[in-house]
Amino acid sequence: MIPITDPKGQLTFIQDKIINKINEVLVSGKYILGPHVTELENEIAGRLGVSDAIAVANGTDALVLTLHSYGIGMGDEVITTPFSFFATAEAVSRVGATPVFVDIDETFNIDPLKINEKITSATKAILPVHLFGQPAAMDEINSIAAEHGLVVIEDACQAFGAKYKGKEVGSLGNAACFSFFPTKNLSTIGDGGVIVTSDKKAAKRIRALRAHGSTQKYFHSEIGYNSRLDELHAAILLICLEYIDSWNEKRRVLAKRYLKELKDTVCLTMPPAIEHTTHVYHLFCVQSEYRKEMIDCLNEAEIQTGIYYPRCIHLQEAYASLGYRKGDFPNAELLSDRLFAIPLFPTMTIEEQDQVISALRNFEVSGQ
Ligand SMILES: *Cc1c(COP(=O)(O)O)cnc(C)c1O
């Protein structure tokens, strides 16, 4: 079976280095908030050109702590996309605020032209997602936010290394959140996340929040969380950080080849390639009105596929109380019926990719 993504292939490629690091951490006796976490935070902040990086337990907590640090809570509204992993909206609800959805455009990301009509006196922030590794329209989003005095928090969980007009995502809003979950582009052998910001005040509060609201051991200025990145994961991520650019480049080379080889395939629409952005293809998602048949056909050829996402967030049972209906966000809903991911990962071989390409082309021949 050719998988859609292969975290194991990526991590075993540097297995010896990882094993050495695990030993190093083990015998160091420092397991929580030690030198590896500090080094990782410095490396990431330096790379993105921001003042602070604060490593936390996972990407969801990164979003929760960031929203909390800006005082967003009960009675507040946060504008976001209905087409993302559930955690984006869940984090908003977790701090007591309400997610307000805005439909996506052809980029799969929030449509900046539809944001204004959703702004109310309760709106506090805009939370765009760089879905599948494709940067959202940050210039437009930032100018709307500036006009209305809103905070911009990037959900960059799928997009480490992606660029928007030459600048890395994560450095474009007030703060940004990344996830190191095993399937993400930059990942470890467990959960992890990081918040990046140049807002010193927010950074200071997030640092306290991740450790029970304490700035000094056993003295607590507010109710916080226990959300820290382990030394073990920080050490592994420091190794992966050396490879992330070459891994992302491999993803782009494979994507370019798919775009070229599959562009004329009947019943299949390629993902959009947006000008002025560098996509990092966390996932390569194609569209077809014959999704089910294509998935079956690929499955028979021992090729894995995945549906991202089979149900939009506004239609999730957990959000029934918000009162959204089918038809509220037609672009997002159409994609939830048609989109599916095909295999793409840095260690994928040309032979494997050829198999995927020919299976999809064969569908054209044997199909309708
Ligand atoms: C993965 C992901 C998250 C959550 O990250 P975790 O580390 O799994 O908690 C949030 N938003 C998006 C868009 C994601 O893809």
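So, how many nonpolar, polar and charged residues does the lining of the largest pocket have? Seven nonpolar, nine polar and three charged.

Quick caveats. This is a predicted model, where local features need pLDDT of at least 70 and side-chain atom pairs count only at pLDDT 80 or more, while totals for chains, interfaces and linings use all residues. Residues are numbered from 1 along each chain as its sequence is written, and side-chain values use heavy atoms, with hydrogens and water left out.

Now, the ligand. Around the ligand there are 14 residues, counted if one of their heavy atoms lies within 4 Å of it. The closest are G59, T60, D155, S179 and K184. By class, that shell has four nonpolar, eight polar and two charged residues; here Ala, Val, Leu, Ile, Met, Phe, Trp, Tyr, Cys and Pro count as nonpolar, Asp, Glu, Lys and Arg as charged, and the others, Gly among them, as polar.

Let's look at polar contacts, meaning pairs of N or O atoms within 3.5 Å. T60 puts a polar side-chain atom 2.5 Å from a ligand oxygen. For S179, a side-chain N or O atom is 2.6 Å from an oxygen of the ligand, and for K184 a polar side-chain atom sits 2.9 Å from a ligand oxygen.

As for helices, these are DSSP runs (H or I, at least four residues), numbered from the N terminus. Both α4 (59–69) and α5 (87–94) supply at least two residues each to the shell around the ligand. In the lining of the largest pocket, α4 has the largest share, with three residues.

How values were computed
A polar contact is a pair of N or O atoms within 3.5 Å; within protein, one must be able to donate a hydrogen and the other to accept it, and residues adjacent in sequence count only if both atoms are side-chain atoms.
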